[in-house]
Amino acid sequence: MIELRGVGKSFGALQVLRNIDLTVDKSEVVCLIGPSGSGKSTLLRCVNFLESYDAGEIRIDGRLIGYELRANGERRAMGKRELREMRCEIGMVFQHFNLWPHMSALQNVTEPLRRVRRLPAARAQERAMQVLTRVGLAEKALSYPGHLSGGQQQRVAIARALAMQPRLMLFDEPTSALDPELVGEVLEVMRSLASEGMTMLIVTHEMGFAAKVADRIAFLDAGRIIDYGPPRQVFHESREPRVRQFLQTYHDRNSF
Amino acid sequence: MSFEVLWRYAPALISGFGVTVLCWSMGAAIGLVLGFVIALLYRLRVPPLRWALRAAIEVIRGTPFLVQLFLLYSGGPFIGLRLEATTAGVVGLGVYSSAYFAEAFRAGFSAVPAGQIEAATSVGMNSRDILWRISLPTMLVATLPSIVNLLIILSKETVVLSIITVPELMYQMQTMAAETFTAFDAIFAMAVFYWLLVEAVSRLGYRLERRVTAFMAPAAGRS
């Protein structure tokens, strides 16, 4: 479903992604973990081309995103329309929710349905209420983001992405900006999505969640995937010193 | 203080006040529309266009309104632009204020958090919808206080129009003062009229601001 081959990216002289290979199959949940600055978020943002990549290929269901290959093997930027078509099949949830503050929770969900899916108002509203109910926020439908807690805002953001009926979902540190007490409600929604077979690529620092929900873990360091495999393998049997050191620090910080 | 003189000149003064309000509101309308268009063009990121707009804004902001008005009214005929005084006044106010409004809008656009636009991009919205549905509302809310401020300043710039014989309030006051030797009364009455106008605008602006920002403030007990 998502296929990355030899993906590389630089910001000027700084190489943030180096030769990344990664495959996420349908209904699979893959978590990207690693120290900050390792390129996890950049990698995730390349998948829906919010961030461009310089080298390699990223394919969604076999289709290259962001570029068009020409007959002579050269590639050039993809047309805006084609890119929008691909993006609306990929749901994305951000660290800071990024809800539109001038719209109610309901309008935040219906807006893309109206503008992108071109649904009539009544159909959009009906579908929006379904997804809001699903994330447990039906009674907050008319509240504005400024009146909702962080956890509620993030669930609205998930509903907004979900209402588009995407083929896969990207999560960029979805709980990092939340009070510890509110993390659970968001993870719970994500867990239920995973159990219903949603394909998910998740950047997270929630190791417990990653260990329980992910099918595969990819550990990034300095723009490279230095370890990859099922959670048990990466978390308990890794031979990479960098991984062990990272997890040790994590354990130390979380034990008291 | 002679109320008798003021009373006698009341029709002229009220008509002058009317002309002031008219010039101010029409000039402001032109300035707002023109300023908005300039801010939009500025966002296109076409370098030559940007330089041209920047140069125009700097020239307008860098020279006194009085000079611009003279150039338009007295210099205009040399390039075949013959405007009646009030028209010249309105156009002058519009062009002059457009530079300031454009800057306010430009700052407003850059105040829209990148994340809001990224979210819209990620669901596949096109740039036109992103502009009108996402950027614009946030931008307008952010700009409203400075727009109200500019409107107030502009209302007082209208006095300059008296110099090119637009029959606005200042002009009528000067006429009255010259004919009746009541300079103090005239100035006092001017102050009252302008104060009323500014007070009305700022109250309206304040109410508008409260209305549009209501959804942003975390209201207690309304969670």
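In chain A, 63% of the contacts with a separation of 6 or more join residues 24 or more positions apart; a contact means C-beta atoms, placed from the backbone, within 7 Å. This is a predicted model: local features need pLDDT of at least 70, side-chain atom pairs count only at pLDDT 80 or more, and totals for chains, interfaces and linings use all residues. Residues are numbered from 1 along each chain as its sequence is written, and chains are lettered from A in the order in which they are written.

**Overall build**
- Chain A has 9 helices and 12 strands (DSSP runs: H or I, at least four residues, for helices; E, at least two, for strands).
- Its C-alpha atoms fill a box of roughly 60 × 55 × 30 Å along the principal axes.

**Domains of chain A**
- An automatic or database assignment gives domain 1 (2–89 + 168–254) and domain 2 (99–166).
- The domain centres, over C-alpha atoms, are 25 Å apart.
- In the contact between them, domain 1 supplies 12 residues and domain 2 supplies 11.
- On the domain 1 side, α6(A) gives the largest share, 4 residues.
- That side has 9 nonpolar, no polar and 3 charged residues (nonpolar: Ala, Val, Leu, Ile, Met, Phe, Trp, Tyr, Cys, Pro; charged: Asp, Glu, Lys, Arg; polar: the others, Gly among them).

**Contact with chain B**
- Chain A contributes 21 residues and chain B 22.
- On the chain A side, α2 (80–87) and α3 (105–115) each give two or more residues.
- The chain A side divides into 10 nonpolar, 6 polar and 5 charged residues.

Terms used
Two residues are in contact if their C-beta atoms, placed from the backbone, lie within 7 Å.
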